[in-house]
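Hi everyone, thanks for coming. Let me put the model up on the screen, and then we'll walk through its pockets, its rings and a few backbone details.

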Amino acid sequence: MLAHATAHRNPGGWRLGIAFVVALAAAFSVAAEASDAALRGQLAQAGDWLRQNPPDGTNATARRERMAVLQAAGDRLTALDYRDYARSWATNALLADRLEAQHPVLGYLRDALAAAADDIRRTRVREGLAVWFLYNMGYVFKTPCACFGIDLDGRGLERLAPDLDFLLASHEHGDHVHEPLVLAMLAQGKPVVTRWFPGSLLVNQCTHLVFGEIQVRIEIGDHHYEQPRQRDNMLMFEVDCGPAAGHAVVYHSGDNSQIKKIRSARRVDLFIPHVSVGLPIADAIRKMDPGMTFVSHVMELGHSPLPPHAWRWRYDYAFETIRDIPERKAAVLTWGERWLVPGTSVQR
């Protein structure tokens with residue numbers, strides 16, 4: 001006790017203790033920065049490889065190994081961090097920049113979206129259909145004659161307004177719509193189809209729309225069919241991309257959970273369902289029998305990966321939902337990737 005009391009009366013001891021704590025904190029900071037730098041390098045390498053090696057029916061294992069790097073980076077980000085980030089897009093650009101610098105996964109997402117937007121603008125489709133996956137359920141489709149998006153959300157995606165001919169949104173949840181993009185499209189007099197947005201083409205029942213040579217058949221799905229208030233609240237899009245695209249058909253079911261409501265009037269080239277909203281993925285794929293399926297709503301960072309609402313679905317989970325489906329017919333994409341419908345020819 002005497003030695004303990006003496007130490008507390010020794011100013012030099014206090015100064016040494018404080019200096020030690022400061023040095024330790026600095027060491028931890030340097031280690032964290034080094035760890036973040038290493039992770040950014042690993043993310044860049046994984047992303048480059050994934051973009052150069054889209055799903056081809058043989059490379060799922062190799063792709064899954066690279067996705068583990070993205071998963072590890074995403075696991076370090078809380079849902080609250082992402083929500084702060086998303087809120088800052090329109091109100092505090094400096095905060096958004098800082099969060100991208102602070103969290104490697106956000107910097108990676110920023111770069112992936114920017115690179116995809118540039119690729120969309122520069123890519124000329126000679127024939128067929130080119131597809132870009134941006135984030136969550138958001139896709140851009142480009143034919144020799146048209147370019148359109150479905151469920152686009154992400155910082156800065158309003159930059160796509162000059163490139164898109166029309167925009168479709170399945171429902172009003174924030175991870176399926178980017179309001180600045182909607183407003184930019186409407187300001188340019190371009191069609192936007194939603195259930196709710198003022199000034200858009202409002203659709204709440206089955207209908208058929210035509211945009212140039214592209215035909216869009218809309219059916220109404222259920223976000224959660226077991227809950228009466230969550231029924232008939234989802235736009236599902238079957239898009240015939242027109243003769244210049246070889247009449248390639250995309251079926252995007254949004255967050256629909258009811259397998260009885262998905263049906264196609266023609267052969268589907270690309271089916272895009274939610275990975276885990278109640279829709280039995282393998283059964284839905286067998287029912288639709290598409291050329292390819294991209295299970296989506298994976299790694300949506302605004303959801304928590306932890307109970308009780310662990311709705312940030314992991315890449316491994318997505319692969320498990322399609323394990324009984326031939327690899328050539330189902331795959332998982334990562335942010336910013338491009339995929340070409342078989343027979344498509346492009347030029348940059």
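Predicted model: local features only at pLDDT ≥ 70, side-chain atom pairs only at ≥ 80, totals over all residues.

Let's begin at the second largest pocket, where α6 (104-122) and β15 (338-340) each give at least two residues to the lining.

Residues are numbered from 1 along each chain as its sequence is written, and side-chain values use heavy atoms, with hydrogens and water left out.

Back to that pocket. Its volume is about 190 Å³, and its lining includes R51, D119, E337, R338 and R348. By class, the lining has five nonpolar, one polar and five charged residues. For the classes, Ala, Val, Leu, Ile, Met, Phe, Trp, Tyr, Cys and Pro are nonpolar, Asp, Glu, Lys and Arg are charged, and the others, Gly among them, are polar.

What counts as a pocket? On a 1 Å grid over the protein atoms alone, with a 1.4 Å probe, a pocket is an open set of points with protein on both sides within 12 Å along at least five of seven lines, and lining residues have an atom within 4 Å of a point. Points are joined across faces, edges and corners, and a volume is the space filled by probe spheres set on them.

Now the largest pocket, at about 650 Å³. Of the 30 residues that line it, H173, G174, D175, E300 and H303 are the closest to its centre. Which helix gives the largest share of this lining? That is α4, with six residues; α4 (79-91) and α7 (179-187) each supply at least two. The lining divides into 11 nonpolar, 12 polar and seven charged residues.

The structure holds 15 aromatic pairs, meaning rings of Phe, Tyr and Trp (its six-membered ring) with centres within 6.5 Å; planes under 30 degrees apart are stacked, over 60 edge-to-face, and the rest tilted. Y82 and Y135 are a stacked pair, because their planes lie at 25°, with centres 6.0 Å apart. This pair links distant parts of the chain, from helix α4 to strand β2 (residues 130-135), 53 residues apart. Both Y82 and Y135 are buried, where buried means under 20% relative accessible area, exposed over 50%, and partly exposed in between (1.4 Å probe, protein chains only). They also belong to one aromatic cluster with Y85, W89, Y108 and W335.

Elsewhere, the charged end of R66 sits over the ring of W49, 4.0 Å from its centre. The criterion is NZ of Lys or CZ of Arg within 6 Å of the ring centre and within 35 degrees of the ring normal.

Finally, the backbone. D232 has a positive phi near 55°, in the loop between β9 (214-221) and β10 (234-240), and D232 is partly exposed at 48% relative accessible area. H297 also has a positive phi, near 65°, but H297 is buried at 3%. The loop holding H297 runs between β13 and α9. P308 lies in the loop between β13 (292-294) and α9 (315-321), and a cis peptide bond with omega about 10° joins P307 to P308.

Thanks, and I'm happy to take questions.

Terms used. Helix = DSSP H or I, 4+ residues; strand = E, 2+ residues; numbered from the N terminus.
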